[in-house]
Amino acid sequence: MRHIFVIAAALAVTGCVAGSESAHVPPTAVVAEIAPPPTPAPVVATNDRACLIAAMFYEAGGEGAEGLAAVGHVVLNRLDDRPPGTTLCDVVYEKGQFGWTRKVARTDVAATIGTSQRWQNAAIMAEAVLTDTVKDPTGGAHSFYSVLQYRKKPRWAKNLDKTVRIGNHVFMR
């Protein structure tokens with residue numbers, strides 16, 4: 001937003017204009033358009049942020065912005081259904097949720113974050129998801145599967161309803 005400050009009028013109103021010129025300045029209302037304070041970003045521990053970035057990278061690194069956002073929101077949607085005190089890493093590292101977690105230890109996840117463009121895209125999108133800059137494209141999904149891995153709906157998803165397909169992933173709740 002633009003911030004408009006009428007400095008001359010403000011100085012005249014407060015009597016800060018030097019010399020006799022201040023008498024010639026007509027009283028003018030001070031106009032200021034001030035943007036509301038930004039919504040503070042949620043406080044997320046460094047390791048939890050790394051867990052979210054890694055989940056987004058490993059699950060949707062080649063899917064583009066919408067696919068990355070979708071996976072990030074699934075993790076956040078799952079977090080919303082967990083007891084207070086549950087962390088993003090707790091959600092990502094729940095047994096049997098993400099295959100890549102068998103290869104990357106929870107304690108080492110921050111060290112896996114790379115510098116490639118795909119990693120950077122995942123990191124940028126993770127921040128956008130955490131600050132709710134990018135809204136949930138999954139319709140509140142808590143699960144997803146890859147159509148590259150499963151030709152039809154997997155057995156574990158038989159009681160779940162499809163919300164949307166984004167790229168190579170089907171999202172469900």
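**View 1. The buried residues of helix α3 in this predicted model.** Let's begin inside the fold, with the residues of α3 that are buried: Gly 67, Leu 68, Ala 69, Ala 70, Val 71, Gly 72, His 73, Val 74, Val 75, Leu 76, Asn 77 and Arg 78. That makes α3 a mostly covered helix, with twelve of its 17 residues buried. What do the buried residues of α3 pack against? Their partners are the helices α2 (46-60), α4 (88-92) and α6 (117-130), together with the strands β1, β2 and β3. From its first C-alpha to its last, α3 reaches 25 Å, close to the 24 Å expected at 1.5 Å a residue.

View 2. The chain has 173 residues, of which 32% count as buried. Among contacts with a separation of 6 or more, 61% join residues 24 or more positions apart. The protein chain exposes about 10,800 Å², and carbon and sulfur atoms supply 56% of that area.

**View 3. The open sheet of three strands.** The strands lie in the order β1-β3-β2, with antiparallel pairing. Which strands stand at the edges? They are β1 (143-146) and β2 (162-166); each has a single partner strand, so one side of each is left without a neighbour in the sheet. From one strand to the next, the twist averages 20 degrees. Helix α3 (residues 64-80) packs on this sheet and touches β1, β2 and β3, and its direction makes about 140 degrees with that of β1. As a reminder for reading the next views, strands of a sheet pair through backbone hydrogen bonds, either parallel or antiparallel.

**View 4. Strand β3 and its partner β1.** Strand β3 (residues 169-172) pairs with β1 in the antiparallel sense over four bridges. You can follow the pairing residue by residue: Ser 146 stands opposite His 169, and Tyr 145 has Val 170 as its bridge partner. Are the faces of β3 covered or uncovered? Both are covered, with His 169 and Phe 171 buried on one side and Val 170 and Met 172 buried on the other.

**View 5. The hairpin of β2 and β3.** Strands β2 and β3 also pair in the antiparallel sense over four bridges. Lys 162 has Met 172 as its bridge partner in β3, while Ile 166 is bridged to His 169. Two residues lie between the strands of this hairpin, and Gly 167 takes a positive phi near 60 degrees there.

**View 6. Ser 143 in strand β1.** Is Ser 143 buried or exposed? It counts as buried, at 14% relative accessibility. Val 74 and Arg 78 are among the buried residues of α3 shown in the opening view, and Val 170, Phe 171 and Met 172 are buried residues of β3.

**View 7. Thr 101 in the loop between α4 and α5 (109-112).** Thr 101 is buried, with a relative accessible area of 14%. A polar atom of the Thr 101 side chain lies 2.6 Å from the backbone oxygen of Phe 98. Setting aside neighbours within four places in sequence, Thr 101 is in contact with Val 92 and Tyr 93.

**View 8. Asp 132 in the loop between α6 and β1.** With a relative accessible area of 37%, Asp 132 is partly exposed.

Conventions
Residues are numbered from 1 along each chain as its sequence is written. This is a predicted model: local features need pLDDT of at least 70, side-chain atom pairs count only at pLDDT 80 or more; totals for chains, interfaces and linings use all residues. Side-chain values use heavy atoms; hydrogens and water are left out. Two strands pair if DSSP finds at least two bridges between them. Axes are lines fitted to C-alpha atoms, for helices over the stretch in contact, and angles run from 0 to 180 degrees between N-to-C directions. Contact means heavy atoms within 4.5 Å. The expected span of a helix is 1.5 Å times one less than its number of residues. Buried means under 20% relative accessible area, exposed over 50%, partly exposed in between (1.4 Å probe, protein chains only). Accessible areas come from the Shrake-Rupley method with a 1.4 Å probe; for residues, only the protein chains shown count as cover. A polar contact is a pair of N or O atoms within 3.5 Å; within protein, one must be able to donate a hydrogen and the other to accept it, and residues adjacent in sequence count only if both atoms are side-chain atoms.
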